[in-house]
Amino acid sequence: MSTAEPVEPPQAAEALPAVAPQLRELRRRASLTLEAAARNAGLSPAHLSRLETGQRQPSLPLLLALARTYGTTVSELLGETPADRDAIVRAADMEPTRAGGWTYWQAGAQARGMQALRVHVPHGAQGDIVRVHPGEEWLYVLKGRLRLRLGDTTYALGPGDSAHFDSLTPHRIAAADQLGTDLLFVHTLLQSPATALCIGGTPHSPTMGDPR
């Protein structure tokens with residue numbers, strides 16, 4: 001199943017560091033062809049090629065999809081130096097990063113099999129993109145109202161509400177309030193040959209039938 005490709009807003013290219021070299025290197029480390037990586041991330045090969053050559057800058061949802069595909073974190077995609085594997089993440093160390101209108105802060109430790117983020121979703125940003133990918137997602141609304149589409153059903157979530165779902169269910173996230181929505185977001189990373197980059201263990205072999 002494929003996803004609709006996003007139209008990147010002009011400010012995305014200014015807000016993100018150059019990620020093209022990292023995208024190419026991580027794909028090669030994962031031993032994935034351009035076609036296979038694009039399929040796993042829900043993109044066309046042409047769109048991924050433009051990202052890898054720096055002609056386009058990815059939004060936060062695209063960074064999340066690519067991080068899952070390569071079994072790594074958004075931080076490594078952005079070329080940030082991984083921190084020591086510490087169980088504690090201090091508020092002072094959570095630097096905001098903006099992509100595609102979204103703002104996010106790393107809320108979990110580096111080098112883990114899951115990635116935790118604190119995210120601000122502005123009203124009208126990326127709300128029309130439907131995503132499908134392997135893994136699981138959990139989110140918890142901190143502030144504002146969230147509109148979550150899972151399959152054919154749309155849910156309205158308010159502060160204190162949460163959702164935990166299989167990411168193979170087509171899903172879409174959008175802020176329902178003009179001031180946007182703040183949430184905690186946790187997603188699993190794909191088990192690919194690059195998994196050792198995020199958990200420090202022996203690379204896992206793809207499961208039977210895995211297109212990787």
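What follows is a short chat about a predicted model and its sheet and helices.

Student: Ground rules before we start: what counts here, and how are residues numbered?
Tutor: Residues are numbered from 1 along each chain as its sequence is written, and side-chain values use heavy atoms, leaving out hydrogens and water. This is a predicted model, so local features need pLDDT of at least 70, side-chain atom pairs count only at pLDDT 80 or more, and totals for chains, interfaces and linings use all residues.

Student: OK, the sheet. What's the strand order?
Tutor: β1-β2-β3-β9-β4-β7, six strands in an open sheet with antiparallel pairing. Strands are DSSP runs of E, at least two residues; helices are runs of H or I, at least four; both are numbered from the N terminus. Two strands pair if DSSP finds at least two bridges between them.

Student: Which strands sit at the edges?
Tutor: β1 (97-99) and β7 (162-166), each pairing on one side only. On average, neighbouring strands are turned by 25° against each other, direction ignored.

Student: And which helix packs on the sheet?
Tutor: Helix α5, residues 60-70. It touches β1, β2 (102-106), β3 (114-121), β4 and β9 (181-188). Contact means heavy atoms within 4.5 Å. The direction of α5 makes about 15° with that of β9. Axes are lines fitted to C-alpha atoms, for helices over the stretch in contact, and angles run from 0 to 180 degrees between N-to-C directions.

Student: How many bridges hold β9 to β3?
Tutor: Eight, in the antiparallel sense. R118 stands opposite L184 in β9. Six bridges join β4 to β9, and W138 stands opposite V186 in β9.

Student: Which β9 side chains are buried?
Tutor: T181, L183, F185 and H187, which point to one face. Buried means under 20% relative accessible area, exposed over 50%, partly exposed in between (1.4 Å probe, protein chains only).

Student: Switching to helices. How do α2 and α4 cross?
Tutor: At roughly 120°, with the axes of α2 (residues 20-29) and α4 (residues 45-52) coming within 7 Å. They are therefore oblique to each other. Under 35 degrees is roughly parallel, over 145 roughly antiparallel, 65 to 115 roughly perpendicular, the rest oblique.

Student: Which residues make that contact?
Tutor: A20, L23, R24 and R27 of α2, with L48, L51 and E52 of α4.

Student: Last one: A41. Buried or exposed?
Tutor: A41 is buried, at 4% relative accessible area. A41 lies in helix α3 (residues 34-41). Neighbours within four places in sequence aside, A41 is in contact with A65, L66 and T69.
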